[in-house]
Amino acid sequence: MKDFKVIWTKNAEFDLESIIEYIKTDNIKTAKEIFFEIKNRCDDLSIFPTSRRIVPELQQIGILKYRELIYKRWRIIYKIENDKIFIVVVVDSSRNIEDILFQRLLKDDNKYKEKEGINYPV
């Protein structure tokens, strides 16, 4: 069994921080619990990352590399590359996420390619 390394993108970290800050205004204890639970659930992906579903909105248009973990009302979207799992979006499931997904995932995808020194035609 292969263990994968879970990596949070800056955007996903910002998403989670924003969620926690919002919850914290009502209840600090709940905010801490949700923060640690989301982090722990994401860490658990290191063992069986393909066990979660492909993001349906993306699957409909043939994009199959993004999966999601659902925790309570939040969708945590990630992609698997080699032995790494990149957490790319954490979003409230009540939001219309199609625009968020398309803009952010395509933008993030190009960043990873640049970081890894991979030159793809644009």
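Lys-79 is found in strand S3; strands are DSSP runs (E, at least two residues), numbered from the N terminus. The model is predicted: local features need pLDDT of at least 70, side-chain atom pairs count only at pLDDT 80 or more, and totals for chains, interfaces and linings use all residues. Residues are numbered from 1 along each chain as its sequence is written, and side-chain values use heavy atoms, with hydrogens and water left out.

**Lys-79**
- Lys-79 has a relative accessible area of 1%, so this residue is buried (under 20%; exposed is over 50%, partly exposed in between; 1.4 Å probe, protein chains only).

**Strands around S4**
- Strand S4 spans residues 84–92, and eight of its nine residues are buried, so the rest of the structure largely encloses it.
- Strand S3 (residues 74–81) pairs with S4 in the antiparallel sense over eight bridges; pairing takes at least two bridges found by DSSP.
- Trp-74 has Asp-92 in S4 as its bridge partner.
- Two residues separate S3 and S4 in a hairpin, and Asn-82 in the turn has a positive phi of about 55°.
- Strand S1 (residues 5–8) runs parallel to S4, joined by four bridges.
- Lys-5 stands opposite Lys-84 in S4.

**Aromatic rings**
- The structure holds two aromatic pairs (Phe, Tyr or six-membered Trp rings with centres within 6.5 Å; planes under 30 degrees apart are stacked, over 60 edge-to-face, the rest tilted).
- Phe-35 and Phe-36 have ring centres 5.1 Å apart and planes at 80°, so they pair edge-to-face.
- Tyr-71 and Trp-74 are stacked, 6.4 Å centre to centre with 20° between the planes.
- Both Tyr-71 and Trp-74 are buried.
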